[in-house]
Amino acid sequence: GEQFAVFRAQDGQAFVVNAYCPHLGANLAAGGHVVGNCIECPFHGWQFRGEDGKCISIPYAEKVPDFAKVQTWPSCEVNGMLLVWYHCEGVGPTWAVPEQREIATKEWVFRGQTEHLVDVHIQEIPENAADTAHLAFLHGPAILGGSDLRYTRSKLWDFMKHVWKAEWRPEPEPNEHCSRLLVQHSATIFGKHVSLMDLTVSARQVGPGLVFLIFEHAFLGRGIILQTVTPLEPLLQNVVHKIYYQKNVPAIIPKFILRAECIQFERDITIWNNKQYLPKPLLVREDSSIQKHRRWYAQFYSEKSRRLPAQKEGLDW
């Protein structure tokens with residue numbers, strides 16, 4: 001629900017500030033101008049400094065009041081993304097987003113992205129990593145069957161199956177804000193293993209809404225899909241997948257991987273868009289990692305996190 005104005009100062013640094021000018025509420029992002037390291041309001045020309053939000057110039061005033069400022073948000077640029085730190089109680093960043101060396105050195109290049117809007121609570125999306133049982137059932141049918149769940153189990157594509165072996169675990173200190181999912185993917189055609197489809201995926205969750213999916217294939221090389229989950233509203237998430245891949249590998253390969261990942265992700269979206277969150281799910285012994293994941297994810301909430309008075313364990317809004 002927050003509105004930001006994001007701008008790059010003339011020295012190249014990016015800044016994120018509240019969108020609305022504290023003077024009369026004009027939107028700094030709609031018609032504002034960058035002047036040095038400031039953003040200038042399009043309404044009356046007030047200029048706000050990017051690093052601390054302080055107003056340094058009012059063109060028609062003799063003196064700028066000391067308290068004239070716009071709220072700034074901690075941000076960083078890493079892996080081709082501008083990331084903003086949000087804490088409902090105003091606590092500053094307690095961990096940093098790691099840089100993917102191959103992106104920084106341009107060994108891996110951008111090969112495309114997908115974007116989806118998902119009607120679900122933000123916690124439901126990463127919880128999939130701990131729900132290893134759904135991999136075989138929802139993602140086992142061939143990608144050729146598409147993402148419409150009415151047809152994924154069609155006998156037409158029954159000759160091909162995806163086989164997943166996965167293990168989720170939280171990381172120890174000092175990276176307790178991270179978790180890892182190790183996935184071995186293989187495929188069978190008419191019951192026979194096809195080694196060309198063998199793929200190792202290491203999915204590292206960093207904080208509540210960022211995932212590094214590193215792909216390794218014996219012949220087709222290495223690359224990464226960066227998944228970002230941005231909460232737009234309490235139950236509306238904007239999910240973006242960006243793929244970077246070895247530049248010496250033909251672009252058709254990473255584009256195929258991204259397309260395959262998109263089909264599988266859209267199967268999840270059908271579930272998420274229509275499911276109900278159960279604070280006390282009926283689990284069997286093999287589902288134990290789901291409860292472990294919920295305990296791990298709880299670190300990203302605090303006393304003042306938005307919730308209904310009745311919400312103790314649930315995610316209802």
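Q: Hi! Over residues 1–84, how much of the chain is helix and how much is strand?
A: Over that stretch the chain is 0% helix and 38% strand, and the end C-alpha atoms are 14 Å apart. Helices (H or I, at least four residues) and strands (E, at least two) are DSSP runs, numbered from the N terminus.

Q: What does UniProt list for 1–84?
A: An unreviewed UniProt entry lists "domain: Rieske" for residues 1–84. UniProt positions follow the numbering used here, feature names are shortened, and annotations may be inferred rather than shown by experiment.

Q: And what kind of model is this?
A: This is a predicted model: local features need pLDDT of at least 70 and side-chain atom pairs count only at pLDDT 80 or more, while totals for chains, interfaces and linings use all residues. Residues are numbered from 1 along each chain as its sequence is written, and side-chain values use heavy atoms, with hydrogens and water left out.

Q: OK, new topic. Which residues have the most contacts inside the largest nonpolar core?
A: Val118, Ile125, Leu213, Phe215 and Trp272, in a core of 28 residues. A nonpolar core is a set of buried Ala, Val, Leu, Ile, Met, Phe, Trp, Tyr and Cys residues joined through side-chain atoms within 4.5 Å. Buried means under 20% relative accessible area, exposed over 50%, partly exposed in between (1.4 Å probe, protein chains only).

Q: Which element gives the most to this core?
A: H4, with 6 residues.

Q: What does Ile125 touch?
A: Leaving out residues up to four places away in sequence, Ile125 touches Val118, Val120, Gln227, Val229, Gln237, Val239 and Trp272. Contact means heavy atoms within 4.5 Å.

Q: Is Gln227 buried or exposed?
A: Gln227 is buried, with a relative accessible area of 11%. Its place is in strand E16.

Q: Which side chain does the Gln227 side chain make a polar contact with?
A: That of His241, at 3.1 Å. A polar contact is a pair of N or O atoms within 3.5 Å; within protein, one must be able to donate a hydrogen and the other to accept it, and residues adjacent in sequence count only if both atoms are side-chain atoms.

Q: How do E15 and E16 pair?
A: In the antiparallel sense, over 8 bridges; two strands pair if DSSP finds at least two bridges between them. They form a hairpin with 3 residues between them, and Leu210 has Thr228 in E16 as its bridge partner.

Q: Why is E15 largely enclosed?
A: Because 7 of its 8 residues are buried, E15 is largely enclosed by the rest of the structure.
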